[in-house]
Amino acid sequence: MKTSPVTVQDLQRSVIAVPPLARHADLSLNEAANQALLRHLEAGGVRNVMYGGNANFYNVGVGEYARIVDMLAALAGPDTWILPSVGPDFGKMMDQAAILRGRAFPTAMLLPMSFPYTDAGLADGVRRFTDALGKPAVVYIKSADYLAPATAARLVEEDRIVAFKYAVVREDPARDAYLSALLQSVDANRVVSGIGERPAIVHYRDFGLKSFTSGSVCVAPRGSMRLLRLLKEGRHDEAESVRAHYLGLEDCRDAISPIRVLHDAVTLSGVADMGPMLPLLTGISSAERERVAPVARALAEWDREAVAA
């Protein structure tokens, strides 16, 4: 596992995968399936792997946390950066900071709090968490005006934040006043497009972001990495043609549930058996699986044949 401090170059070297976490029927960790998914990502060129919402870290207990992060560290390849999540509440993130401080993870991501919080309180939490961790954190922004741009800038200046995962969903991603304001205060190199392939081109071309996260990369890593390369080279028309292959699965995720669809899509595509979801979430219904399965399999097949050719 990569343990050196996270740099801007690290953020941009690879698509940042946000995979699900595999479990057995009794909800114990499925080490073999989690390893299979990591190897699939690594074989496709992915070296940055973030375990957060798609891995249902919101519902992970502190008592299980050390087992999870130790397993992921042991399974990762030598150059793979594993980024675990913490929180979202203050008490949980501080308990998890105590666990992570004695381990070699170079950073951790603060899951987004929906209620209750204030801007000043969130900043105070970031400061206390990074003090306890002894390293800067990644902050996950999932709602508009979650953190005031001036506050974000101060935390970066204090070396509290290494990056932001920006995942505010807009009907038109090209029209985003909050992202524009944030980028007036924070270097775009530190802001990662955090909503998969759908807005990645607009975020890269129009806002100057240089990296993106993806869930669908777990099904089709080669294509997602190809998309990133095309964006770096400014080949936007070709990037659009690659992105189009991901929209079927992204449409299913948006219509049903981004987390639940991805969890089962990895299984249905044949990559690895993710098993059941940890409560308080559940897998998709039989009818939904019938809709998702052919889409997931087609994406995986395209990734194996068309992109690998």
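Let's start with the largest pocket: 30 residues line it, and K142, V169, G194, I195 and P258 lie nearest its centre. A quick word on terms. On a 1 Å grid over the protein atoms alone, a pocket is an open set of points where a 1.4 Å probe fits, with protein on both sides within 12 Å along at least five of seven lines; a lining residue has an atom within 4 Å of a point.

This is a predicted model, so local features need pLDDT of at least 70 and side-chain atom pairs count only at pLDDT 80 or more, while totals for chains, interfaces and linings use all residues. Residues are numbered from 1 along each chain as its sequence is written, and side-chain values use heavy atoms, with hydrogens and water left out.

Back to the pocket. The space in it is about 600 Å³, counted as the space filled by probe spheres set on the grid points. Which elements give two or more residues to the lining? They are β8 (213-214), α11 (247-255) and α12. The largest share, three residues, comes from α11. Those labels are DSSP runs numbered from the N terminus: helices are H or I with at least four residues, strands are E with at least two.

Next, helix α2, residues 31-43. It has 13 residues and reaches 18 Å from first C-alpha to last, close to the 18 Å expected at 1.5 Å a residue. That expected span is 1.5 Å times one less than the number of residues. At the start of α2, a side-chain oxygen of N30 comes within 3.3 Å of the backbone nitrogen of A32. Just after α2, G45 has a positive phi of about 100 degrees.

Which residues of α2 are buried? A33, N34, L37, L38, L41 and E42. Buried means under 20% relative accessible area, with a 1.4 Å probe and protein chains only. Their packing partners include β1 (16-17), β2 (48-51) and α3 (62-75).

Take E42. Its relative accessibility is 11%, so E42 counts as buried. Its side chain makes a 2.9 Å polar contact with that of R39. Leaving out residues up to four places away in sequence, E42 touches R47, A76, G77 and T80; contact means heavy atoms within 4.5 Å.

Last, the cysteines. The whole structure holds zero disulfides, meaning pairs of cysteine sulfur atoms within 2.5 Å. For C218, the nearest cysteine sulfur is that of C252, 16 Å away. C218 counts as buried because its relative accessibility is 0%. C252 is buried too, at 3%.

How values were computed:
Buried means under 20% relative accessible area, exposed over 50%, partly exposed in between (1.4 Å probe, protein chains only). A polar contact is a pair of N or O atoms within 3.5 Å; within protein, one must be able to donate a hydrogen and the other to accept it, and residues adjacent in sequence count only if both atoms are side-chain atoms.
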